[in-house]
Amino acid sequence: MTTAVDELYEKARHLPLSDRAALAGLLVDTLEGAIDSEIERAWRREVAKRVAELDSGAVKTVPGHEVRVKLRDILGEP
C-alpha cells in the first residue's frame with residue numbers, strides 16, 4: 001500500500017462503526033463501474049419473483065442455523 005492509503009486507513013479505522021460502514025460502501029460503489037440498465041431490470045424482476053414466491057407460500061425460508069448445520073454436514077465439518 002502507498003503512504004496515502006496507510007494514512008487514510010489509520011484515520012478511517014478510528015471512525016465510529018456506522019461511519020466506517022458508510023465509507024466502505026462508498027468505496028465499494030467506486031469499484032463497480034457503470035450500472036447496466038438491462039442487468040438492473042433483470043435483477044429487479046428476479047427480486048419481485050422471489051418476493052412473490054415467498055408471499056404466496058410457494059417457497060419457505062430456512063433459518064440460518066439450519067443452513068449452517070446442513071453445510072457443515074455436506075462439508076464434513078464438526
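Reader: What makes the space of about 180 Å³ a pocket?
Author: The largest pocket has a volume of about 180 Å³, the volume being the space filled by probe spheres set on grid points that are joined across faces, edges and corners. A pocket, on a 1 Å grid over the protein atoms alone, is an open set of points with protein on both sides within 12 Å along at least five of seven lines, whereas a cavity is a set where a 1.4 Å probe fits but cannot get out. The model is predicted: local features need pLDDT of at least 70, side-chain atom pairs count only at pLDDT 80 or more, and totals for chains, interfaces and linings use all residues. Residues are numbered from 1 along each chain as its sequence is written, and side-chain values use heavy atoms, with hydrogens and water left out.

Reader: Which residues line the largest pocket?
Author: The lining consists of V5, L8, Y9, A12, R13, R20, L23, A24 and L27; lining residues have an atom within 4 Å of a point. The elements giving two or more residues to this lining are α1 (3-12) and α2.

Reader: What is the span of α2 set against?
Author: Helix α2 (residues 17-31) has 15 residues, and the expected 21 Å at 1.5 Å a residue is close to its 21 Å from first C-alpha to last. The expected span is 1.5 Å times one less than the number of residues. Just after α2, G33 takes a positive phi of about 75°.

Reader: Why is the pair E38 and R41 called a salt bridge?
Author: The closest N and O atoms of E38 and R41 are 2.8 Å apart, and a salt bridge is a side-chain nitrogen of Lys or Arg within 4 Å of a carboxyl oxygen of Asp or Glu, so the pair qualifies. R45 also meets E38 in a salt bridge, at 3.6 Å from N to O, and E38, R41 and R45 are linked in a network. E38 and R41 are three residues apart in helix α3 (residues 37-56), which means a separation of about one helical turn.

Reader: How many salt bridges are there?
Author: The structure holds six, including E10 with R13, at 2.9 Å between the closest N and O atoms.

Technical notes: Helices (H or I, at least four residues) and strands (E, at least two) are DSSP runs, numbered from the N terminus.
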